[in-house]
Amino acid sequence: MRFMILLVCCFFMSSCSSDNNDDPSTQLNALCSTEELEVEMDELLALTVSEVNFSFTVKRQDERQYTYNKGDASLQTSYESASTSKLVAAVVILRLVEAGYLSLTDKPQDYISSWSISSTDPLYNLNLTQLLSFTSGLEVEPFCLNLGSSNFETCVNNIATRNADNGITPGQSFYYGGAHLQVAGLMAVKAFDVTSWQDVFLDFKTQTGLFLNSEFDLPSSSNPRLAGGMHWSGEEYIAFLSALKNGDLLNSNSMAILLADHTEGVSISYSPIVSSFLMEDWRYGFGLWHECESSVFDCEVGTRVSSPGAYGAYPYWDKNIGYVGLVARQGELGTFESGLMIERGVRETVELWAQCQ
């Protein structure tokens with residue numbers, strides 16, 4: 001709406017009578033002020049109701065970054081990741097696919113000698129693509145995923161035991177849960193020929209310079225929950241998003257796979273988006289959601305993707321405009337919509353800011 005008002009105003013201004021008169025971006029940039037828009041974002045975010053303090057940051061195509069801190073929150077504050085770690089784990093594993101250590105058609109038994117799904121079980125055919133897209137059919141999560149004292153590999157084998165003969169055919173249903181990434185993570189450990197996920201993640205840190213002070217350490221470093229077990233700071237997560245956006249982490253083929261809709265035509269066994277008050281239909285890629293503000297998915301795939309967490313942290317990438325953003329916060333479990341609502345309350349102004357040069 002504000003963008004349309006700017007264009008209407010521009011129609012009556014003599015300064016808009018140049019040869020670029022029909023270019024909306026030219027008209028917008030002639031009228032907008034980055035500094036004034038940042039003041040407006042300050043005012044909007046100051047009025048935002050949140051039960052916990054938070055940091056809000058966005059970074060646009062020219063690398064200009066805006067940050068607002070509420071209360072004592074900062075981009076250096078350490079937060080429990082909840083599901084925001086899903087995108088990180090997916091990218092780490094995709095880089096191993098790029099390097100030739102794994103293939104997306106690989107199966108758990110190709111690397112995990114103790115994998116106990118029998119060849120007569122439909123789950124025997126589940127592969128890495130289905131694990132990363134949460135369509136593998138592994139819907140039961142053993143409690144060991146939440147026990148720091150559990151052994152990572154033993155717990156993954158427990159996933160196989162608990163899901164065996166569940167009657168689900170891989171690739172036919174989507175279940176948003178933690179078992180898929182845990183199995184994919186052990187496949188990565190075995191394929192990379194290291195002793196733990198920490199070794200895999202350390203290699204990622206060394207190669208990229210990202211998340212140097214972050215860890216997969218929940219419920220413990222020896223049994224990290226890849227789908228929700230990081231500690232990170234906003235400063236480190238926005239740097240990760242920016243590197244992903246700039247093409248520094250994945251090649252074009254891997255990026256296309258990451259951003260593809262891997263749930264089209266798949267039945268929804270469980271989705272926290274469908275069960276939330278949003279009443280919206282989002283799709284899923286690898287470790288990320290394809291957002292759509294509609295009860296029926298009618299949006300362009302890959303236009304706006306995100307990986308919100310259950311404590312209300314909300315990392316996202318607006319590919320249409322070309323900027324990344326993050327609401328960094330840690331509220332109560334089950335408050336994932338809170339971060340999204342903070343962002344939506346200022347989105348209109350942020351979109352103008354992201355396009356204002």
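Predicted model: local features only at pLDDT ≥ 70, side-chain atom pairs only at ≥ 80, totals over all residues.

Modeller: Residues are numbered from 1 along each chain as its sequence is written, and side-chain values use heavy atoms, with hydrogens and water left out.

Biologist: What radius of gyration does the chain have, and why does it agree with that of a compact globule?

Modeller: The radius is taken over C-alpha atoms, and the globule rule is 2.2 Å times the number of residues to the power 0.38. Because the chain has 357 residues, a compact globule would have a radius near 21 Å, and the chain agrees, with 21 Å.

Biologist: How many helices and strands are there in the chain?

Modeller: Both are DSSP runs numbered from the N terminus: helices are H or I with at least four residues, and strands are E with at least two. The chain has 11 helices and 12 strands.

Biologist: Which strands are at the edges of the open sheet of 7 strands?

Modeller: Two strands pair if DSSP finds at least two bridges between them. The order is β2-β1-β12-β11-β10-β9-β8, with antiparallel pairing. Each edge strand pairs on one side only, and these strands are β2 (65–69) and β8 (283–284).

Biologist: Which residue in β9 stands opposite Y284?

Modeller: Strand β8 is joined to β9 (residues 289–290) by 2 bridges, and the two run antiparallel. The residue opposite Y284 is W289.

Biologist: At what angle to β12 does helix α11 run?

Modeller: Contact means heavy atoms within 4.5 Å. Axes are lines fitted to C-alpha atoms, for helices over the stretch in contact, and angles run from 0 to 180 degrees between N-to-C directions. Helix α9 (residues 234–245) lies across β1, β2, β11 and β12, at about 160° to β12. Helix α11 (residues 336–355) lies across β1, β2, β10, β11 and β12, and its angle to β12 is about 150°.

Biologist: Which residue in β6 stands opposite S78?

Modeller: A further open sheet, of 3 strands, has the order β3-β6-β5 with antiparallel pairing. Here 3 bridges join β3 to β6 (residues 230–233). Opposite S78 stands S233.

Biologist: What volume does the largest pocket have?

Modeller: On a 1 Å grid over the protein atoms alone, a cavity is a set of points where a 1.4 Å probe fits but cannot get out; a pocket is an open set with protein on both sides within 12 Å along at least five of seven lines, and lining residues have an atom within 4 Å of a point. Grid points are joined across faces, edges and corners, and a volume is the space filled by probe spheres set on the points. Among the 26 lining residues, the closest to the centre are S83, K86, Y176, A310 and L333. The volume is about 610 Å³.

Biologist: How many charged residues line the second largest pocket?

Modeller: Ala, Val, Leu, Ile, Met, Phe, Trp, Tyr, Cys and Pro count as nonpolar, Asp, Glu, Lys and Arg as charged, and the others, Gly among them, as polar. The lining includes E291, E293, R304, D318 and R347. Beside 3 nonpolar and 2 polar residues, the charged ones number 7.

Biologist: Which element gives the most to the lining of the largest cavity?

Modeller: The largest cavity has a volume of about 30 Å³. Elements giving two or more residues to its lining are α9, β10 and β11. With 3 residues, the one that gives the most is β11.
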